[in-house]
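The exercises below go with the structure shown next. Try each task before reading its solution.

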Amino acid sequence: MTDLTVNNQTLSSSVQTQEQRQQKVRRLLLAPSLITILIIGVLPLSVVLVYSFLEPGAFGGVKWNFSTNAYVQLFFEADIFDGSLSFTTAYLEIFWRSISLAVMATLGCVLVGFPTAYFIATQPPERRNIFLFLITIPFWTNLLIRTYAMLLILRDEGVINIGLQNIGIIDQAIPLLYTEFAVSLGLIYSFLPFMVLPIYSSMEKFDFRLLEAGFDLYANRLKVLWRIIIPIAKPGIAAGCILVFIPSLGAYITPEVLGGGKSMMIGNLIYSQFGAARNWPFGAAIALILMAVVLISLMVYMRRTGDKGGLSHG
Amino acid sequence: MVTPKNKKGKTMKKTIISLVAATGFGLLSQGVMAAGTLNIYNWGDYTSPEMIKEFEDKYDIKVNVDDFDSMETMLAKVSQGASGYDVVVPGEATIKIMIDKGLLEKVQPNKMSNFKNIDPKWVDVYWDEGRDYSIPYQWGTTSFTVDTDVYKGDINTLALMFDAPKELKGRINMLNDMNDVINAGLRYLGHERCNSNRTQMKELFDLLVKAKPDWRTMDYSIIEKLTSKDVDLSQGWNGASKRARKDRPTLSYAYPKEGFAGWMDNIAVLKGAPNLENAKLFMNYMMTPQAAAMASNFANYANGIKGADKFMSSDLNTSREIVIPAGSPAPEFVPPCDQAVTDLYTMVWTNLKK
């Protein structure tokens, strides 16, 4: 009896030590990646968080005094006339413009990206790779250069206007450039591959005989699209929307170059706080709020797709 | 433990060299061979390779030039210390900030042998009274450029930007720069710059809001905006205007009667520069008319060195953009505004662009 207990104890303790050792090894092996995440992810963000609660220093930088001014400033400003605090919509309008442009870019990408991805997925396998390769070609060039190429196409003396004038459709250049249209077009062009690739990957393994089955059961084309193809592609569409929406929201170069710089977007607003406005805490606060907006929209998405795990399909 | 020894050795050497320098011989004699390196941090496309080459050959010093794209970038990088750069080229407002923050070495160019070449009007400047820290590199003006084929009237008035005539409506590019736009507006209204008077600032805000629909863009790439005919008027710098005129000969640079801004980039030495002595040699070299002329011929701006015009291209010496015509107001050098005014400016700017 005693023997048995002792044996049992040693057994369980040896199992425990083995488990402990394994856990130790596991932790040790995980350490490099955890430390990396800590240094390149958490640390800079904590700096941003801390800075957003400080006072702006003279000519840039921060003063180490606690202050919530940066957050108050987002909604209230001192009136130009008398200096009294009043509700301001300036920043909300900038947020609103950025969000609506990002939504337009996302919708545009779905409209163009979905048929493209469908087309690629229906090609014979050896051709698919060529098309996928073609989709990635724009990525070989810097974003700024691609945006400038758009500028050359859209401007008054650009390809479109001169072309239309030469055919005689218009006599005077249509002002395409420096409008919200130009900005959305630029964003769609820049981020389209982020939409095509996830949608393609969700449709790639699709058994297209199911479509024939649908037709056999007297579904028309629209019904087949709506009841079979779109549900299959949905995780890809959702992942693509996230991948397009987030960078569009913070876009800086495209609105600056194609929008003419007359109206601010969130990206420009944040940049100016670290530049001419010399208000680092406020810049940090806006950056955090932008992140919160993105996180909330992600969470909404997660809840909607539930545990089907849309992202892993993408 | 090699480092402490090295460090000590270095400081020892530094002390000896600065002792020599203090006696004045180190800099006066051209025979000093300060073989080694020099790291320069300047605006992009702004450093004449010819001028650097001559300096390298003359003193047997290897020069590395690095670029920044804005004063803020430069300031953020060098305020952390140990940037490795020796020489920086800050604008006049920034150099004042850098001196106040203790970022610059007090190298006293005013005691160097070539200091006599500096045009006296650039010695007692607000950003470095008496020139204890810096010497002029290039200077210019910030005004605007108009196509005189499109607008045939008198161009020397700010009204063209803030109360645009019919021909120019929707054909204007403003600099995407808070201070340049607001200060130009204040000049047009006849109000002080760095203005904290809320009534006057409200007046300014209303002026900008009224003018904004006439502006097509607000962008720094003014040469491209003008030469591509996206706009017919652009706010901007004189040298850029000169370069745009090469492609579009009907352009003309305006000297508005209400006033316009001047700016100057200055050569200064960073505190803790690893190659302090070479930096001083470079400073003294840059005060020779030949070197200053090479810098100007490359960058297309004026310098502050007497006698440099003899070595400058005739094109520079006669062009309307570089030589301010008689009867124009003097360029105004606006000191950096304090934080309260900057906050007010920022509010006007954000509400203008919301």
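**Exercise 1.** Find how many residue pairs in polar contact link chain A and chain B, and describe the side of chain A that touches chain B.

*Solution.* Step 1: between chain A and chain B there are 15 residue pairs in polar contact, both residues at pLDDT 80 or more. A polar contact is a pair of N or O atoms within 3.5 Å; within protein, one must be able to donate a hydrogen and the other to accept it, and residues adjacent in sequence count only if both atoms are side-chain atoms.
Step 1: strand 3 (76-78), helix 3 (90-121), helix 5 (143-154) and helix 11 (266-274) of chain A each give two or more residues to this side. Helices (H or I, at least four residues) and strands (E, at least two) are DSSP runs, numbered from the N terminus.
Step 2: helix 3 of chain A supplies the largest share, 5 residues.
Step 3: sorted by class, the side of chain A holds 19 nonpolar, 9 polar and 11 charged residues. Here Ala, Val, Leu, Ile, Met, Phe, Trp, Tyr, Cys and Pro count as nonpolar, Asp, Glu, Lys and Arg as charged, and the others, Gly among them, as polar.

Two notes on the model apply throughout. It is predicted: local features need pLDDT of at least 70, side-chain atom pairs count only at pLDDT 80 or more, and totals for chains, interfaces and linings use all residues. Residues are numbered from 1 along each chain as its sequence is written, chains are lettered from A and ligands numbered from 1 in the order in which they are written, and side-chain values use heavy atoms, with hydrogens and water left out.

**Exercise 2.** Locate the salt bridge between B:Arg216 and A:Asp156, and state whether each partner is buried or exposed.

*Solution.* Step 1: the closest N and O atoms of B:Arg216 and A:Asp156 are 3.1 Å apart. A salt bridge is a side-chain nitrogen of Lys or Arg within 4 Å of a carboxyl oxygen of Asp or Glu.
Step 1: B:Arg216 lies in strand 8 (residues 215-218) of chain B and A:Asp156 in the loop between helix 5 and helix 6 (159-167) of chain A, so the pair joins two chains.
Step 2: B:Arg216 is buried, at 11% relative accessibility, and A:Asp156 is buried at 14%. Buried means under 20% relative accessible area, exposed over 50%, partly exposed in between (1.4 Å probe, protein chains only).
Step 3: the count between chain A and chain B is 5 salt bridges; another one of them pairs B:Lys354 with A:Glu93 at 3.9 Å.

**Exercise 3.** Describe the surroundings of B:Thr157.

*Solution.* Step 1: B:Thr157 sits in the loop between strand 6 (134-147) and helix 6 (159-162) of chain B.
Step 1: because its relative accessible area is 11%, B:Thr157 counts as buried.
Step 2: not counting residues up to four places away in sequence, B:Thr157 touches B:Phe144, B:Pro256, B:Lys257 and B:Glu258. Contact means heavy atoms within 4.5 Å.
Step 3: the side chain of B:Thr157 makes a polar contact of 2.9 Å with that of B:Glu258, and a polar atom of the B:Thr157 side chain lies 3.0 Å from the backbone nitrogen of B:Ala159.

**Exercise 4.** Where do B:Lys53 and B:Asp57 lie, and how many residues apart?

*Solution.* Step 1: both lie in helix 3 (residues 49-59) of chain B, 4 residues apart, about one turn of the helix.
Step 1: B:Lys53 is partly exposed at 46%, while B:Asp57 is exposed at 53%.
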